[in-house]
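Okay, thanks for making time, everyone.

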Amino acid sequence: QRQLVESGGGLVQAGDSLRLSCTASGFTFSNYIMGWFRQAPGKEREFVGRIVGYGNTFYADSVKGRFTISRDNIKNTVYLQMNSLKPEDTAVYFCAARFWSKAVSEYDYWGQGTQVTVSS
């Protein structure tokens, strides 16, 4: 069964850090580009960043310099390190997996999401 499970969300104060994890199972993790997305209440889902199998990363402008994505292909896990958090970072965060040859919008698998709340 192909599955993504996020963890690490919570309630933090502005300026704090938080690290999210997403563990994959049921597919060859290293062949997949892993993306992070978020969705705030009343807003559309937003791209946060992604990491390819060998580690190259790309970020949305809104998080560049504050968020870092990494992956461990042995543990089948991708991480989202979030620093200098702001109240506007409050959202449900999702990880997603896209086979390396697919188009940028064609993610194959999605996690259930984890809530991140940043208080001011």
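**The disulfide, and what sits around it**

So, the S-S bond of Cys-22 and Cys-95 has a torsion of about 55°, so this disulfide is right-handed. Cys-22 is in strand S3 (residues 18-25) and Cys-95 is in strand S9 (residues 91-99), so the pair ties together parts that are 73 residues apart in sequence. Strands here are DSSP runs of E, at least two residues, numbered from the N terminus.

Quick housekeeping: this is a predicted model, with local features needing pLDDT of at least 70 and side-chain atom pairs counting only at pLDDT 80 or more, while totals for chains, interfaces and linings use all residues. Residues are numbered from 1 along each chain as its sequence is written, and side-chain values use heavy atoms, leaving out hydrogens and water.

Back to the cysteines. The S to S distance between Cys-22 and Cys-95 is 1.9 Å; the cut-off for a disulfide is cysteine sulfur atoms within 2.5 Å. Searching the whole structure turns up one disulfide. Both Cys-22 and Cys-95 are buried, meaning under 20% relative accessible area with a 1.4 Å probe, protein chains only.

Next, Thr-77, in strand S8 (residues 77-82). Thr-77 has a relative accessible area of 6%, so it's buried. What does the side chain of Thr-77 make a polar contact with? That's the side chain of Thr-23, at 3.2 Å. A polar contact is a pair of N or O atoms within 3.5 Å; within protein, one must be able to donate a hydrogen and the other to accept it, and residues adjacent in sequence count only if both atoms are side-chain atoms. Beyond its neighbours within four places in sequence, Thr-77 is in contact with several residues, including Cys-22, Phe-29 and Asp-72. Contact means heavy atoms within 4.5 Å.

Then there's Ile-33, in strand S4 (residues 32-39). Ile-33 counts as buried because its relative accessibility is 7%. Leaving out residues up to four places away in sequence, Ile-33 touches, among others, Arg-50, Val-52, Ala-96, Trp-100 and Tyr-107.

How values were computed
Helix = DSSP H or I, 4+ residues; strand = E, 2+ residues; numbered from the N terminus. Buried < 20%, exposed > 50% of the residue type's maximum accessible area, 1.4 Å probe, protein only.
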